[in-house]
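Subject: Two-chain model, handover and findings

Hi,

Here is the structure for you to look over. My notes follow below it.

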Amino acid sequence: MGTFSDQVIINEEIKGVKTYVMPTGVKDVVTISGSMLGGSIHCAGKNSKVSSLVASMLDKGTEKKNKYEISDMLESVGAELNFSSTRYHTHFTGFCLKNNLETVVSLLAEQLTTPRFSTEELSTLQGRISGNLIRDKENTKKLAMIQFLRTLFPRNHPNYQATIDESVESVKKASVKDLFAFHKEHYGLGSIKIAAAGDVKAEALNGLLLEAMKDWKNKKTNIPKITEKAIKPKKGSQTIKVQDKTSADLYIGQSIGINREHKDYYPLMLGVYILGGNFSARLMQTVRDKQGLTYGIGSSISGVSFGADGYWSTWGTFSPDILKKGVGATKDQINLWFDKGVTEEELSAKKTTINGSYKVSMDSTSGLTSKILSNAEQGRDLLYLDEYPKIIDAISLSEVNTAIKNHVDPEKLYMVSAGTL
Amino acid sequence: MCPKNNNKFTGYDFIKESAGIEEYVLVENSLRVLVLEDHSAPVATFMVTYHVGSRNEAIGYTGSTHLLEHLMFKGSRNFNKDKNTAIWTELQNIGAQINATTWNDRTNYFEVVPSEHLERAIAIEADRMRHAFLKDEDRQPEMTVVRNEFERGENSPFDVLDKNIWATAYQAHPYHHSTIGWRSDIENVSTERLKNFYDTYYWPNNATVTVIGDFNKKEALASINKYFSEHSKSKEPIPPVYTDEPEQEGPRRIMVKRTGQTGIVGIAHKTPKGLHEDTYALQVLSKILADGKTSRLNKLIIDKGLATSIFMYDFPFLDNGLFITYAFLTPGIDHKEVEKIIINEYNNITESGVSKEEVERAQAQIRATVAFSRDGTYAVASALNEAIAIGDWTFYTNFMDNISNATEEKIKEVVKKYFTEDQSTTGWFIAKEPKV
């Protein structure tokens with residue numbers, strides 16, 4: 001099997017744009033995934049929804065083309081271009097047949113560089129996004145998750161979540177002027193990373209990008225230093241009542257006080273994976289498989305990137321009348337995991353899982369571009385993808401169990417449930 | 001087609017080849033095998049599709065196919081917890097993606113594995129084909145798991161409306177009930193009934209195995225032969241489903257009222273069997289109506305702020321199906337207004353047809369979708385799985401050619417033929433205000 005570093009061609013011919021191209025055996029299709037800095041964290045002190053509205057407006061017209069002309073160019077060749085915004089980045093993905101790469105790349109550049117941001121389109125979009133947000137008030141999982149994170153983190157922390165009503169208000173308040181200002185400040189060369197895979201040649205893609213982006217200006221957007229820390233873990237619980245729901249959702253967990261760069265991150269991640277990372281992990285094997293209390297339960301570490309201190313959460317879904325029993329069974333497993341730690345056999349099995357998953361993730365072009373881009377966004381060398389299995393292999397049992405003891409406290413778990421309770 | 005020398009493998013009859021995919025039948029027990037070597041990535045997908053789905057159920061045991069699918073992970077002769085070889089552990093510990101799904105016409109079990117572990121996936125699937133434990137002590141806790149899956153579905157206004165539309169449109173045919181089944185059947189179906197179901201349908205002559213990816217064809221076929229040929233054919237013929245849906249003689253309407261935030265409109269029309277020649281025109285029509293920003297309903301409904309999204313339900317099935325347009329309404333928008341726009345658009349097509357440009361655009365969109373359905377071993381196996389389910393795996397390989405033959409005239413003809421008021425079932429989800 002070849003390594004990523006053997007197969008991916010890196011290019012930085014355009015200053016401020018780094019491309020990673022991985023030709024594969026798949027015929028005709030090309031997947032492009034890219035990003036640049038410019039997410040909700042860059043709206044700090046202003047309207048936090050502006051970054052996502054800017055991304056969503058990119059396909060609503062450019063200075064030269066209206067939205068139907070853009071869509072027609074893409075749809076007439078079966079291509080897709082999608083834009084979105086997360087906490088730190090604006091993301092774009094493209095799917096096309098190899099013969100249409102030029103169309104897609106030139107449109108991508110045009111949409112990123114010269115958006116139209118019409119008042120009428122913004123107004124329609126605001127109505128649509130607000131409607132989707134309001135529909136989330138029916139979503140017990142989302143309601144529980146939002147409240148869980150609002151309890152763990154202070155308002156200015158990257159992991160804090162606005163309420164649905166706050167989000168709707170922010171969406172409605174945004175103006176075209178806000179969108180132009182955000183675009184002017186953050187959209188440009190500097191932090192762009194693009195991964196492409198499939199039936200694609202590096203020279204061809206880079207040539208197209210060079211032509212399309214050569215006149216774009218450099219922007220100095222950086223990830224701000226995160227100074228806010230999580231609220232100190234404390235025991236507690238909340239119940240969100242939603243009518244006419246036959247299943248309830250539960251979040252249990254706490255902040256962990258470390259980010260991805262901390263030495264305990266990988267050992268803790270492995271420990272949590274053993275608790276609830278997949279179907280053969282402890283929670284699914286006991287609370288679901290043995291006790292039949294839930295359709296789905298899992299545990300993970302999140303919110304640890306770009307210097308933010310993250311959190312550990314366990315999520316589960318339960319029939320409302322057995323929620324109490326489900327909580328008890330889940331806590332039993334958490335306590336057992338904390339008190340006795342994980343075993344050498346479990347650790348060894350999960351290391352094999354991670355190594356195998358690495359190969360399986362190469363099954364599709366979107367899997368490949370997602371892995372390459374995510375690694376690049378973290379500022380890591382491509383070699384890291386090849387070394388990752390070795391990093392995991394080198395972690396010892398005592399490191400895992402020590403990390404669990406250092407960063408988890410079962411006496412201070414916070415719990416939020418949502419449903420007809 | 002005559003077998004070529006490179007299609008001769010011990011224990012198999014070569015049947016045919018299409019788009020690089022070869023079909024064989026294991027002589028011993030009539031197990032059908034589809035093979036495609038693809039060395040793009042060090043990965044292989046192994047899938048077993050059983051020709052049994054919720055269409056093979058009836059009152060009292062709806063949801064059995066799905067519940068049985070869950071029990072199939074509880075252990076078999078060689079792969080079980082007592083031997084420390086539980087299925088999930090054996091496969092997830094090597095990094096495999098593993099799961100199973102059940103739908104109207106089929107049940108499929110699959111593993112995406114690092115290619116050196118393909119044999120393990122084959123051994124597991126062969127073992128549980130005829131040696132699954134299916135113990136009552138396993139059914140009890142798994143029933144509550146499945147019931148929670150049912151409850152999660154019931155949480156969703158869309159799922160509830162969709163179930164009601166199918167149940168109203170189909171009265172006699174088993175597509176009347178959803179694959180998850182009715183709650184009381186999930187709770188009360190006996191282990192004996194599930195075993196009976198397994199012993200009726202889980203046989204090599206009622207299954208198709210698909211293997212795609214990075215392997216040596218000769219070795220993979222030998223491995224499938226080694227593990228699956230221990231099973232005989234079913235002793236009894238596989239019972240057919242003979243229930244036809246009586247002709248619908250007028251429009252049907254249903255409403256679901258629950259606490260919620262926003263409304264949904266769903267308009268369904270009966271469609272022919274998936275392998276019917278009209279299916280391709282209906283697939284193109286679906287793109288013209290709602291795929292992309294230039295589509296008709298997107299311009300008429302989304303761009304006018306009347307709905308937040310539109311979803312077309314146009315999946316071909318083994319028996320007759322439904323073509324459903326779903327609109328998720330913007331808060332405050334009247335169901336009637338959106339329903340009228342959708343019906344008007346159907347009527348416009350009945351009268352004036354669609355343009356050549358619209359058809360060409362839709363065909364280009366489908367061409368790209370078909371190309372991406374070859375992106376990865378799982379993608380190919382998954383697309384084949386649905387074609388196998390409707391009765392002919394070459395539906396997948398010939399799909400684009402048939403789509404290319406769907407003309408403007410044909411599309412106008414199918415809209416006129418199927419989108420009649422008397423064949424319609426309209427459903428509204430009405431969001432009730434929460435009680436104070």
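One term first: a residue is buried if 20 or more other C-beta atoms lie within 10 Å of its own, exposed if 12 or fewer, and partly exposed in between, with C-beta atoms placed from the backbone. Helices (H or I, at least four residues) and strands (E, at least two) are DSSP runs, numbered from the N terminus.

This is a predicted model, in which local features need pLDDT of at least 70, side-chain atom pairs count only at pLDDT 80 or more, and totals for chains, interfaces and linings use all residues. Residues are numbered from 1 along each chain as its sequence is written, while chains are lettered from A and ligands numbered from 1 in the order in which they are written.

Helix 12 of chain A

Buried here are Leu323(A), Gly326(A), Ala329(A), Thr330(A), Gln333(A), Ile334(A) and Trp337(A). Seen down the axis of helix 12 of chain A, these buried residues fall within an arc of 135°, so they line one face of the helix. The arc is that of the directions from the helix axis to the C-beta atoms. On the other side, Lys324(A), Gly328(A), Asp339(A) and Lys340(A) are exposed.

What covers the buried face? The cover includes strand 8 (248-255), helix 10 (265-276), helix 11 (282-290), strand 9 (297-302), strand 10 (311-318) and strand 11 (414-419) of chain A.

The length of the helix checks out. Helix 12 of chain A has 18 residues (323-340), which at 1.5 Å a residue should span 26 Å, and its end C-alpha atoms are 26 Å apart, which agrees. The expected span is 1.5 Å times one less than the number of residues. Just after the helix, Gly341(A) takes a positive phi of about 75°.

Chain A overall

Chain A has 16 helices and 11 strands. Its radius of gyration is 23 Å, close to the 22 Å that the globule rule gives for 421 residues, so chain A is as compact as a globular protein of that length. The radius is taken over C-alpha atoms, and the rule is 2.2 Å times the number of residues to the power 0.38. The C-alpha trace spans about 60 × 50 × 40 Å along its principal axes. Of the 421 residues, 50% count as buried.

Two residues are in contact if their C-beta atoms, placed from the backbone, lie within 7 Å. Among contacts in chain A between residues at least 6 apart in sequence, 81% join residues at least 24 apart.

Domains of chain A

The assignment gives domain 1 (4-213) and domain 2 (236-419). Such bounds come from an automatic or database domain assignment. The C-alpha centres of the two domains of chain A lie 28 Å apart.

Chain A against chain B

In the interface, 61 residues of chain A are in contact with 58 residues of chain B. Which element of chain A gives the most to the side that touches chain B? Helix 13 of chain A does, with 10 residues. By class, the chain A side has 19 nonpolar, 27 polar and 15 charged residues.

Chain B

Chain B comes to 16 helices and 12 strands. Its radius of gyration is 23 Å, close to the 22 Å from the globule rule for 436 residues, so chain B is as compact as a globular protein of that length. Of its 436 residues, 53% count as buried.

Chain B is divided into domain 1 (5-228) and domain 2 (252-432). Their C-alpha centres are 28 Å apart. In the contact, 34 residues of domain 1 of chain B meet 29 residues of domain 2 of chain B. Helix 5 of chain B gives the most to the domain 1 side, with 10 residues.

One loop residue to look at: Phe79(B), found between helix 1 (64-71) and helix 2 (87-92) of chain B. Phe79(B) counts as buried because it has 24 C-beta neighbours inside 10 Å. Leaving aside neighbours within four places in sequence, its contacts are Thr85(B), Ala86(B), Ile87(B), Glu90(B), Ile124(B) and Asp127(B).

Best wishes

How values were computed: Ala, Val, Leu, Ile, Met, Phe, Trp, Tyr, Cys and Pro count as nonpolar, Asp, Glu, Lys and Arg as charged, and the others, Gly among them, as polar.
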